[in-house]
Structure formats: C-alpha cells, structure tokens
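Morning, everyone. Let me put the model up, and then we go through it piece by piece.

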Amino acid sequence: LWADEVLAFGWAYGPGGTKLRGKTLQVVLSTGGPQATYHPDGYNRYEVRELLRPLEVTAGLVGMKFAEPLILWGVPNIPGLVVPDDRGPAIAEFAASYRALLAG
C-alpha cells in the first residue's frame, strides 16, 4: 500500500509527478551472511546491488538518485546462533557511517 500511495502517477511520476525528483534513495541494510556470500559463486548467487536493481529502476522512474547502499555484512539474527565477537568493530564503523549519512 505504501508503494501504491507514494509512487502514484501524477504525484511521483507522469504529468505533474515531480514530488520525488532530485531526491536521493539511500538503502541501508544488514545481511545475515558475509559479503563473500553475495557473489555469483557465493551462497546467495547475486551481489546485493543486483538484488536491489528493482529499487534502482524505481528511483530512476521517479527522477531520484540511487545512492550506493550502506551495508552491514554478516550479522545473522537467528535464535541460538552464536555471532563471533569480532563483529563489534564492524558494527561500530557501520554506526558511524550511518550517523554521518543521517547528519547529511
């Protein structure tokens, strides 16, 4: 429903549909697997950027810039799964990048 309301003809695109034009779409996400699993030879078979291609196309349709995604790799959220302790520095770096992104 959100997509239907926000990406409406005449509002986001089409005649008079310029409300999103010139804005930036920034995808911020975390993955359960490490970066190496998002590769043609990896477990997930595709790079994250390829998986986000529909969002990139939609951004182009409404005149938005599609910024490079901000990705925190390898933070699984599976009950009972032990996450290595060495994720702390990566999470701190990601948090700093995210704060900088929000600050503009």
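Helices here are DSSP runs of H or I with at least four residues, strands are E runs of at least two, and both are numbered from the N terminus. This is a predicted model: local features need pLDDT of at least 70, side-chain atom pairs count only at pLDDT 80 or more, and totals for chains, interfaces and linings use all residues. Residues are numbered from 1 along each chain as its sequence is written, and side-chain values use heavy atoms, with hydrogens and water left out.

Salt bridges to start. The structure has three, meaning a side-chain nitrogen of Lys or Arg within 4 Å of a carboxyl oxygen of Asp or Glu. Helix α3, residues 53-61, holds both Glu56 and Arg53, three residues apart, about one turn of the helix. Their side chains form a salt bridge at 3.2 Å, N to O. Glu56 also meets Arg49, again at 3.2 Å. Arg49 then pairs with Glu68 at 2.7 Å. Glu68 sits in the loop between β3 (65-66) and β4, and Arg49 in helix α2, so this bridge ties together parts 19 residues apart in sequence.

How exposed is Glu68? It is exposed, at 57% relative accessibility. Arg53 is partly exposed at 40%. The cut-offs: buried is under 20% relative accessible area, exposed is over 50%, partly exposed is in between, with a 1.4 Å probe and protein chains only.

Next, aromatics. There are three pairs. Tyr38 and Trp73 have ring centres 5.8 Å apart and planes at 50°, so they are tilted. That pair links distant parts of the chain, 35 residues apart. Tyr38 is buried at 16%, while Trp73 is partly exposed at 21%. Phe94 and Tyr98 have centres 6.3 Å apart and planes at 10°, so they are stacked. For the terms: rings of Phe, Tyr and Trp (its six-membered ring) pair if their centres lie within 6.5 Å; planes under 30 degrees apart are stacked, over 60 edge-to-face, the rest tilted. Phe94 and Tyr98 both lie in helix α4, four residues apart.

Last, the core. Which residues touch the most other members of the largest nonpolar core? Leu20, Leu29, Val48 and Leu52, out of 13 residues. Such a core is a set of buried Ala, Val, Leu, Ile, Met, Phe, Trp, Tyr and Cys residues joined through side-chain atoms within 4.5 Å.
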